[in-house]
Amino acid sequence: MIRWSPGTELANLHSSMDRLFEDFFGGSVNGGNGNVPRPVPTYALPLDVREVENGYEIRAQVPGFKPEEVDVTFSDGVLRITAQHSEQSEQESGGWLRREVAYGNYQRAIQMPGDVNQEDISANFEDGILSITVPKVPRPQPKKIAVSSGSQKSLTNKSS
């Protein structure tokens, strides 16, 4: 039987919280230098994907980004969306009393079905919402095939 120790539990909780903050903010919580720039974290971009009659519609909210900071590519059946803030070296006057808005880069890759017409994919960015239209290749129409009678062939062969 193992004896419960509140001191050990408190130390484990402290270590877990340190790891949580290191994972979220990057770098070391204890002894970290505030002047060293931390790498900007990359998050998974949340998407809405809908199949419509002639293709697919994809919508992503990327508030705070400019259209030139958003990149959409299609290669080998994979649609990739990347939104990256360029580094800003501006110093704002005054100090923050509270800062809750998280800044970071966003990235997402979607495997698309094989019926995508990659030449006509289009993207539109308006009011912080990226809308991508991915058209499908038109399905081939059924072709009517003439059916000939097999008895006519055998009759011609017998008479000769």
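Start by selecting Phe-21, which sits in helix α1, residues 6-25 (helices are DSSP runs of H or I with at least four residues, strands are E runs of at least two, both numbered from the N terminus). This is a predicted model, where local features need pLDDT of at least 70 and side-chain atom pairs count only at 80 or more, while totals for chains, interfaces and linings use all residues. Residues are numbered from 1 along each chain as its sequence is written, and side-chain values use heavy atoms, leaving out hydrogens and water.

Phe-21 has a relative accessible area of 36%, so it is partly exposed (buried is under 20%, exposed over 50%, partly exposed in between, with a 1.4 Å probe and protein chains only).

Now for the rings: the whole structure holds two aromatic pairs (ring centres within 6.5 Å; planes under 30 degrees apart are stacked, over 60 edge-to-face, the rest tilted). Select Tyr-43 and Tyr-106, whose centres are 5.6 Å apart with planes at 40 degrees, so this pair is tilted. Tyr-43 belongs to strand β1 (42-44) and Tyr-106 to strand β6 (105-111), so the pair ties together parts 63 residues apart in sequence.

Phe-65 is buried at 8% relative accessibility. Finally, show Tyr-43, Phe-65 and Tyr-106 together as a cluster linked by ring pairs.

Notes: Phe/Tyr/Trp six-rings, centres within 6.5 Å; stacked < 30°, edge-to-face > 60°.
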